[in-house]
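User: I'd like to learn how to read a structure like this one. Can you walk me through a few features?

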Amino acid sequence: SADDLQDLADDAPDPLTSWATTWLMQHPKASLEEMLEASTERTYSGNPHETFFTGSGAHVFANFEREEDGEIMDLHEAFRKSVNLVFIRVMRDIVNYTIAQGTHTKEELMSGDDEQARQSYLERFADNEGSVFLNRYIGDYIDLTPDAMMEKVVGHSHKGATARTILFRSIRPQASYQEFAAFMAKHPLHEELSEARLEQLYHDYPIERYNLSDRSYIAGINPMELWLVSYLQTNPHASRRAILEVSQPVRIESYAWLFHPNLKHAQDTRIRIMLEEDAFARIQKRWARLGYPFDHLVPSLATAIGSSADRPGALAELIGIILNEGMRRPTVRFESLAFGQGTPYETLLEHDDDQQAEQVLAPAITHVVKNIMSEVVENGTAKRVKGVYKDASGQLLAIGGKTGTGDQRYDEFAAGGRLISSRVMNRTGTFVFYIGDHFFGTITAHVAGDDAADYKFTSALSAQMLKALQPILEPIVNGTEATAQSNVAPQPAQP
């Protein structure tokens with residue numbers, strides 16, 4: 001009802017919900033397809049000068065064409081031109097919508113009213129980040145002897161007498177004073193330590209005096225590194241899995257500082273990171289139903305412009321879903337395989353006709369997307385294939401698609417954002433397309449490694465390839481290939 005929609009609009013926790021409820025109030029009799037068409041007229045900025053908090057930090061993005069930077073455009077125009085910053089902002093809306101559909105909204109958690117929920121998110125963050133560090137340190141230490149571990153960790157730690165004492169007492173808490181004195185003699189400091197001073201240090205800093213966070217801070221190493229080296233002293237043959245299992249409470253303890261009530265800003269930052277990661281995990285499940293081939297999405301808005309990668313076959317499958325009005329059909333690479341014909345072992349394998357198609361998108365969605373894809377060919381980045389393919393009667397076939405150019409680089413920055421170095425990883429130009437009502441596919445141009453620095457091509461190259469393939473593909477597309485083959489007279493074998 002209008003009253004219910006008004007209540008939803010007043011309490012809308014994200015821009016997509018706000019737009020949808022407001023639009024429905026204004027168009028109460030509209031169909032889903034009409035609403036979806038209207039949604040593509042929503043406008044976004046191409047401004048590259050906004051900083052986005054995503055992927056665990058602050059990020060900025062750039063467009064391929066500078067003239068797009070100052071434009072405000074709807075999704076039709078952004079799709080035709082492949083404008084990066086528009087899709088970054090669309091992805092932000094999708095992420096915020098997904099967060100809002102969760103157990104707790106961002107506003108509820110940031111307000112600080114639900115301490116139990118905040119505590120849960122912070123513990124998850126501590127557990128996750130602690131696991132990342134611990135996995136790294138396991139790789140560094142797991143194959144070393146206890147003495148070699150000690151030598152390695154000493155090289156990472158602070159060099160003061162107190163720091164060295166706390167390091168030794170943390171890693172070998174049961175060691176005698178004589179063992180401690182031998183350790184300190186083996187790793188001399190700039191200051192001379194008398195026997196009395198050594199004895200005082202040994203007795204003043206037992207392991208129980210400070211918690212793990214404080215001991216690691218004084219020693220100058222990561223808490224998980226300090227704990228791991230200590231654990232491996234008495235469990236040298238522990239597996240990675242066993243270490244991760246036993247260390248779970250330690251990982252949370254090592255972030256004790258984060259739970260201080262005066263650090264709300266730091267806590268809010270970590271909660272936002274966890275909310276984004278949760279949202280992308282749910283988005284990945286939706287994408288997987290549409291053929292996305294990986295079990296993980298990079299939890300960053302950069303996913304909208306390809307940071308999570310994809311495969312040409314998966315892109316083609318997505319277009320197939322769109323062409324089949326939201327039905328995901330089984331892929332059949334061979335109708336049949338025949339082996340050992342004319343022998344006692346003759347075998348014929350045929351594909352299973354019982355494989356079921358699945359409705360994974362509403363037909364209304366596919367109609368809207370297909371129309372937008374046609375605009376890319378009609379007056380967008382793939383205009384060069386407009387009017388190229390015809391059916392058997394000579395009528396132009398409808399063509400649609402989406403282009404994408406990837407210039408992948410590994411950049412290193414100094415403090416303040418100054419670029420230190422940039423190394424090209426690869427360059428890719430992709431055109432995913434449909435031709436008529438039955439044919440679809442992907443064309444990708446790809447150069448890997450350092451050689452990619454010598455190439456400046458865009459996805460226009462892939463569109464040009466589809467145009468160049470017209471003499472080969474058109475007979476297949478319009479069904480004249482089989483007719484042409486049946487009319488060919490047998491030719492004598494040539495030497």
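This is a predicted model: local features need pLDDT of at least 70, side-chain atom pairs count only at pLDDT 80 or more; totals for chains, interfaces and linings use all residues.

User: Which residues of the largest nonpolar core touch the most other members?

Analyst: In soluble globular proteins, nonpolar side chains tend to be buried together. A nonpolar core here is a set of buried Ala, Val, Leu, Ile, Met, Phe, Trp, Tyr and Cys residues joined through side-chain atoms within 4.5 Å. Buried means under 20% relative accessible area, exposed over 50%, and partly exposed in between (1.4 Å probe, protein chains only). The largest core has 37 residues, and Y141, V153, L167, F180, W227, L228 and I243 touch the most other members. Elements giving two or more residues to this core include α7 (115–141), α8 (146–156) and α13 (223–234); helices (H or I, at least four residues) and strands (E, at least two) are DSSP runs numbered from the N terminus. Helix α13 gives the largest share, seven residues. Another core lies apart from it, with 28 residues, among them M91, Y121, Y292 and A302.

User: How many salt bridges are there?

Analyst: Side chains of opposite charge can pair when their charged atoms come close. The rule used is a side-chain nitrogen of Lys or Arg within 4 Å of a carboxyl oxygen of Asp or Glu, and the count comes to 17. Take E50 and R89, which meet at 2.9 Å, N to O. E50 sits in the loop between β1 (43–45) and β2 and R89 in helix α5 (residues 84–100), so this pair ties together parts 39 residues apart in sequence. R89 is buried at 6%, whereas E50 is partly exposed at 26%. With R92, these two are linked in a salt-bridge network.

User: Where do D127 and R251 lie?

Analyst: Their side chains form a salt bridge at 2.6 Å, N to O. D127 is in helix α7 and R251 in helix α15 (residues 248–253), so they tie together parts 124 residues apart in sequence. D127 and R251 are both buried.

User: Is R427 buried or exposed?

Analyst: R427 counts as buried, at 7% relative accessibility. It lies in strand β10 (residues 419–435). A polar atom of the R427 side chain lies 2.6 Å from the backbone oxygen of F457. Setting aside residues up to four places away in sequence, R427 touches several others, including F64, D407, H446 and Y455; contact means heavy atoms within 4.5 Å.

User: Which residues form the nonpolar patch on the surface?

Analyst: F334, L337, F339 and L349 do, with about 390 Å² of accessible area together. Patch members have over 30% relative accessible area and no salt bridge; like charges are joined within 9 Å, nonpolar side chains (Val, Leu, Ile, Met, Phe, Trp, Tyr) within 5 Å. Areas come from the Shrake-Rupley method with a 1.4 Å probe, and for residues only the protein chains shown count as cover. L349, in strand β7 (residues 347–350), is partly exposed at 44%.

User: What is phi of S56?

Analyst: Phi of S56 is near 75°, a positive value in a residue other than glycine. S56 is in the loop between β2 (52–54) and β3 (57–59). E325, with phi near 55°, is in the loop between α17 (312–323) and β5 (327–328).

Methods. Residues are numbered from 1 along each chain as its sequence is written. Side-chain values use heavy atoms; hydrogens and water are left out. A polar contact is a pair of N or O atoms within 3.5 Å; within protein, one must be able to donate a hydrogen and the other to accept it, and residues adjacent in sequence count only if both atoms are side-chain atoms.
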